[in-house]
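The structure is shown first, and the description follows.

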Amino acid sequence: MLSFEEAKARLETAGQSHVLQFWSELSAEESTALLEELSQLKPEELLEHCLTAVEAASRHSSADGRLDARMEPVPPEFIGSVRKSDKERLKMWGDEGLSQISQDRVAVLLLAGGQGTRLGVPYPKGMYNVELPSGKTLYQIQAERIQKVQELANVKHGCRCTIPWYIMTSEFTLGPTEKFFRDNEYFGLCPSNVVMFEQRMIPAVGFDGKIILEKKNKIAMAPDGNGGLYRALVDNKILEDMERRGVEYLHVYCVDNILVKMADPVFIGFCVNKGADCGAKVVDKAYPAEPVGVVCRVDGLYQVIEYSEIQPETAELRGPGGELLFSAGNICNHFFTRGFLKEVAEKFESQLKQHVAVKKVPFVDGEGNLVKPTKPNGIKMEKFVFDVFQFSKKFVAFEVLREEEFSPLKNADGAPLDTPTTARRSLLAQHYRWALAAGGNFLDEQDKPIPPKHSMAQNEDPPAICEISPLVSYFGEGLEKLLKQKNLKSPFLLNENEAKNLVQTT
């Protein structure tokens with residue numbers, strides 16, 4: 001840990017000596033905490049960070065940012081599609097993915113640095129319960145999907161394979177996440193195969209280029225965005241861990257998508273089959289102005305363009321068949337080879353674009369009083385995970401069905417989209433469709449048949465409540481032998497015990 005003199009010298013070099021203005025008022029414990037925090041900051045990096053933040057914020061507020069003339073869609077030969085592919089091709093990709101999983105060559109990596117602030121809760125998003133009949137949290141659903149896809153690979157190849165689960169947390173989410181997994185016995189997974197690591201925290205900066213003090217002895221810090229992954233992989237020796245385990249392919253995703261297919265064999269198989277080093281799942285944009293980023297090429301390089309950077313007339317452009325020209329909506333669901341991640345971390349991490357977020361950051365004023373600003377006063381810089389697409393030697397996109405694979409949880413109930421209600425509805429509607437496809441018949445509380453409904457609007461609840469445990473079915477497979485011609489009373493919860501009972505009565 002730094003001494004006071006060393007910390008003072010570092011801060012003076014970076015032009016941030018004001019950080020120690022309350023030093024004489026701090027207790028021994030508070031002084032130690034501040035010195036520990038300052039020990040993590042290198043003066044050269046701190047100086048560059050503060051200068052870059054102010055410069056980027058200035059560009060952000062005044063930049064024209066028009067990329068339209070330089071944009072082009074992903075060429076058709078680099079796009080795969082669930083919707084447009086026949087069953088034989090999908091099976092081929094799925095078999096390839098299961099083969100790679102059976103050889104312990106596949107891992108999943110979860111971006112879980114965010115708190116549930118927008119959901120109105122003080123804990124990490126992965127711990128959120130959207131009030132499914134089972135009461136399962138996002139973490140539990142995802143852990144059980146890992147177990148099930150491992151089982152599918154084991155059965156097909158007569159092996160005992162493992163899919164390591166790497167979880168990138170932040171300073172805010174690491175402790176609660178570790179405790180939650182311990183308290184829940186890792187949801188049936190082997191603890192040694194659940195590897196948690198922490199992304200870097202960086203200071204929030206005022207418009208004057210000065211670090212913001214959150215308390216007299218604490219700098220206002222924020223995670224460096226999900227693009228902080230690449231530095232965190234090196235800092236925490238995660239790439240070495242992957243190499244030791246024999247992992248060659250990574251499925252990287254965000255915690256808040258309740259429909260995420262963990263280590264999706266079809267997606268993995270497609271990317272491996274195409275020889276890709278980098279891939280992105282996409283969904284068709286619902287309408288031209290939908291607020292999602294678009295996967296495309298700019299100046300010949302692949303990247304994600306935020307919806308706010310595209311002019312309305314460009315978003316409206318259509319191809320010869322009437323389809324949107326820029327329709328590949330980004331859902332933060334990616335494929336990387338370990339070799340590509342290693343190359344990015346070692347060669348390109350410093351070249352990643354810094355994105356600006358202008359925020360209201362609570363601070364202590366010159367008198368030491370806590371101030372909660374009413375308008376933005378600080379700059380938080382972050383990197384995005386998808387900004388590495390430009391470095392790919394073989395990039396591919398894979399189109400999936402939104403209703404089957406994408407329903408994010410971002411806002412508290414009351415918002416129009418991406419709420420606990422919409423996430424729960426998406427999952428229950430999917431499971432209802434699976435049960436109908438398997439030949440099940442639903443009954444109401446009076447044992448009267450509920451007429452089946454095979455398609456529903458996005459804001460419509462399914463006619464019957466049905467939840468199927470991931471431990472029973474990963475993606476709708478294997479249900480016909482359990483549900484065909486069975487009368488299922490709504491609400492119907494198909495867990496492992498219920499599945500055993502159904503097998504015994506068949």
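## The β13–β14 hairpin

In the hairpin formed by β13 and β14, 2 residues lie between the strands, and Asp 299 adopts a positive phi near 55°. The model is a predicted one.

Strand β13 (residues 294–298) is mostly covered, with 5 of its 5 residues buried. Burial extends to both faces: Val 294, Cys 296 and Val 298 lie on one side, Val 295 and Arg 297 lie on the other, and all are buried. In a regular strand, side chains alternate between the two faces of the sheet. Strand β13 also pairs with strand β1 (residues 71–72), to which 2 bridges join it in the antiparallel sense. The bridge partner of Met 71 in β13 is Val 298.

In one, 6 bridges join β3 to strand β11 (residues 249–254), with Leu 110 opposite Tyr 253 in β11. In the other, β3 and strand β4 (residues 165–169) pair over 4 bridges, and Leu 110 stands opposite Ile 167 in β4. The chain passes from β3 through helix α5 (residues 138–157) to β4, and this β-α-β crossover is right-handed.

## An open antiparallel sheet

A separate topic is the open sheet of 3 strands, which has the order β7-β19-β16 and antiparallel pairing. Its edges are β7 (205–206) and β16 (355–359); each has a single partner strand, so one side of each is left without a neighbour in the sheet. The pairing of β7 with strand β19 (residues 378–382) is antiparallel and consists of 2 bridges. In this pairing, Val 205 stands opposite Ile 379 in β19.

## Nonpolar cores

The largest nonpolar core has 47 residues, and those with the most contacts inside it are Ile 101, Tyr 139, Trp 165 and Phe 181. Helix α9 (residues 265–273) supplies the largest share of this core, 6 residues. A second, separate core holds 42 residues, including Leu 109, Phe 197, Ala 232 and Val 295. In soluble globular proteins, nonpolar side chains tend to be buried together.

## Cysteines

How many disulfides does the structure hold? The count is 0. For Cys 271, the closest cysteine sulfur is that of Cys 278, and the separation of 8.5 Å is too far for a bond, since a disulfide requires the sulfur atoms to be within 2.5 Å.

Cys 271 has 0% relative accessibility and therefore counts as buried. Cys 50, at 3% relative accessibility, also counts as buried. The cut-off that applies here is a relative accessible area under 20%.

Ala 263 is placed in the loop between β11 and α9. Is this residue, Ala 263, buried or exposed? With a relative accessibility of 1%, Ala 263 counts as buried. The C-alpha atoms of Ala 263 and Glu 178 are separated by 22 Å, and the two residues are 85 residues apart along the chain.

The model contains 2 cavities of 30 Å³ or more. The largest cavity has a volume of about 80 Å³. Its lining comprises 13 residues, of which Arg 145, Gln 430, Trp 434, Tyr 474 and Phe 475 lie nearest the centre of the cavity.

Which helix contributes the largest share of the lining of the largest cavity? Helix α13 (residues 420–437) does, with 3 residues.

Definitions and conventions:
Residues are numbered from 1 along each chain as its sequence is written. This is a predicted model: local features need pLDDT of at least 70, side-chain atom pairs count only at pLDDT 80 or more; totals for chains, interfaces and linings use all residues. Side-chain values use heavy atoms; hydrogens and water are left out. Buried means under 20% relative accessible area, exposed over 50%, partly exposed in between (1.4 Å probe, protein chains only). Two strands pair if DSSP finds at least two bridges between them. A crossover is right-handed if, with the strands pointing away from the viewer, the path from the first strand over the helix to the second runs clockwise. A nonpolar core is a set of buried Ala, Val, Leu, Ile, Met, Phe, Trp, Tyr and Cys residues joined through side-chain atoms within 4.5 Å. On a 1 Å grid over the protein atoms alone, a cavity is a set of points where a 1.4 Å probe fits but cannot get out, and a pocket is an open set with protein on both sides within 12 Å along at least five of seven lines; lining residues have an atom within 4 Å of a point. Grid points are joined across faces, edges and corners, and a volume is the space filled by probe spheres set on the points.
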